[in-house]
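This briefing goes through a helix and its packing, and then turns to the surroundings of a ligand. Please read it alongside the sequence and the structure shown here.

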Amino acid sequence: MADKLKLLPFIIDGLKPDRPILVAGPCSAESEKQVMNTAKQLAASGIKIFRAGIWKPRTRPNTFEGVGSRGLIWLKKVKEQTGMLTTTEVANVKHVYEALKYGVDVLWLGARTTANPFAVQEIADTLKGMDIPVLVKNPVNPDLELWIGAMERLNKVGIKRIAAIHRGFSTYENSGFRNNPHWQIPIELKRRIPELPILTDPSHICGNREGLYEVSQEAMDLNFEGLFIESHENPDKALSDSHQQITPENLNKLLSRLVIRDPNIDNGILLTIGELRAKIDDLDDKIIDIFDKRMAIAEEIGQYKKIHNIAILQAKRWDSILSKRLKMGLRHGLSNEFIEKVFKAIHQESINHQNRIMNIDPGQNENN
Ligand code: PEP
Ligand code: MN
């Protein structure tokens, strides 16, 4: 499937995107005072786009679900008094009409909305023919196609200034993150649609304050275009996501520690990196060649198991392979997590090869 989106540069209201593009503000707009105090401090630190949730998609009922449309008046005031552009989450057609009525500059689709093609399509149909920038969070589940699909639905109705927000993916297991970043997913998005800006949302990835700097720096090192981050004048008192919000002052400190590296490589460095890349390419060729040889042996074993009617999976042998490789990996400075992933994938591929050998119906080819 082609991934071509017809995009325009992410310029909003004449505001040229800085690198990084910074969007900051509270998880939720709670009161006029909280919104204005937070916004004024953020504007003073150079933030150009202010975020605040007006309608909040909470996991459980009987929690704070946002102040609703009256909060949009406060966002209008933020724009008038600080000059910052404003953005809020829209999850249905009513939200879109309300946000547009009050002059919100940028709309954003939340993770739960991106996961629902019906909702995205209804929002897209409402925006048909309009020129408003839209930020699209990744869906809650790690599904790149669904993420791209939501952006395609918007693009098909003529929305051309789109940016993706990488906010991590839900997991059942405890991954140490509130939402696992699965960096390979936004990296693959960048590979497939290089002109699409990606903003990382460290707040919803971490779910706490401690990890924010590290995740933000990682996003910058991956050359993503910006950050979408929660900041509240008094985080401990926040009515939603209090553990992950930081004061504008601490956000300022975090931003000043960020190292923004050169996205382009100059010629001298390119030569050196070019040589190193050639070595990597060479090693990757060898790895593929070794995989090929390993699978050929697996197929020979498959033939043997077939003749002697032996089951493919020999749990003891697999257990011994994995524990030896884990130990060997550690000796070479390779993490258990990495070795486990690689060898599970190799083992599965080997099973697939044996399966093909063992379960080919000998009459099948003759009949075809
Ligand atoms: C938010 O940004 O406050 C929010 C609700 O995020 P998400 O859709 O990523 O859960
Ligand atoms: Mn939040």
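This is a predicted model: local features need pLDDT of at least 70, side-chain atom pairs count only at pLDDT 80 or more; totals for chains, interfaces and linings use all residues.

On helix α7, the face turned away from the buried side carries Gln-184 and Arg-191, both of which are exposed.

**Helix α7**

- Helix α7 spans residues 184–192, and its buried residues are Ile-185, Pro-186, Leu-189 and Lys-190.
- These four lie on the same side of α7, because the arc that they cover around the axis is only 140°.
- The partners against which the buried residues of α7 pack are α6 (144–156), β6 (162–166) and β7 (198–200).

**Polar contacts of ligand 1**

- The side chain of Arg-51 places an N or O atom 2.7 Å from an oxygen atom of ligand 1.
- For Lys-137, a polar side-chain atom is found 2.8 Å from an oxygen atom of ligand 1, and for His-204 the corresponding distance from a polar side-chain atom to an oxygen atom of the ligand is 3.4 Å.
- Ligand 1 taken alone would expose 300 Å², of which the protein buries 97%.

**The shell around ligand 1**

- There are 13 residues around ligand 1, and those that come nearest are Arg-51, Lys-56, Ala-111, Lys-137 and Arg-167.
- Sorted by class, the shell around ligand 1 consists of seven charged, four nonpolar and two polar residues.
- Arg-51 and Lys-137, which are listed among the nearest residues, also supply side-chain atoms at 2.7 Å and 2.8 Å, respectively, from an oxygen atom of ligand 1.

Conventions. Residues are numbered from 1 along each chain as its sequence is written. Chains are lettered from A and ligands numbered from 1 in the order in which they are written. Side-chain values use heavy atoms; hydrogens and water are left out. A residue is near a molecule or strand if one of its heavy atoms lies within 4 Å of it. A polar contact is a pair of N or O atoms within 3.5 Å; within protein, one must be able to donate a hydrogen and the other to accept it, and residues adjacent in sequence count only if both atoms are side-chain atoms. Accessible areas come from the Shrake-Rupley method with a 1.4 Å probe; for residues, only the protein chains shown count as cover. Ala, Val, Leu, Ile, Met, Phe, Trp, Tyr, Cys and Pro count as nonpolar, Asp, Glu, Lys and Arg as charged, and the others, Gly among them, as polar. Buried means under 20% relative accessible area, exposed over 50%, partly exposed in between (1.4 Å probe, protein chains only). Helices (H or I, at least four residues) and strands (E, at least two) are DSSP runs, numbered from the N terminus. The arc is that of the directions from the helix axis to the C-beta atoms. Contact means heavy atoms within 4.5 Å.
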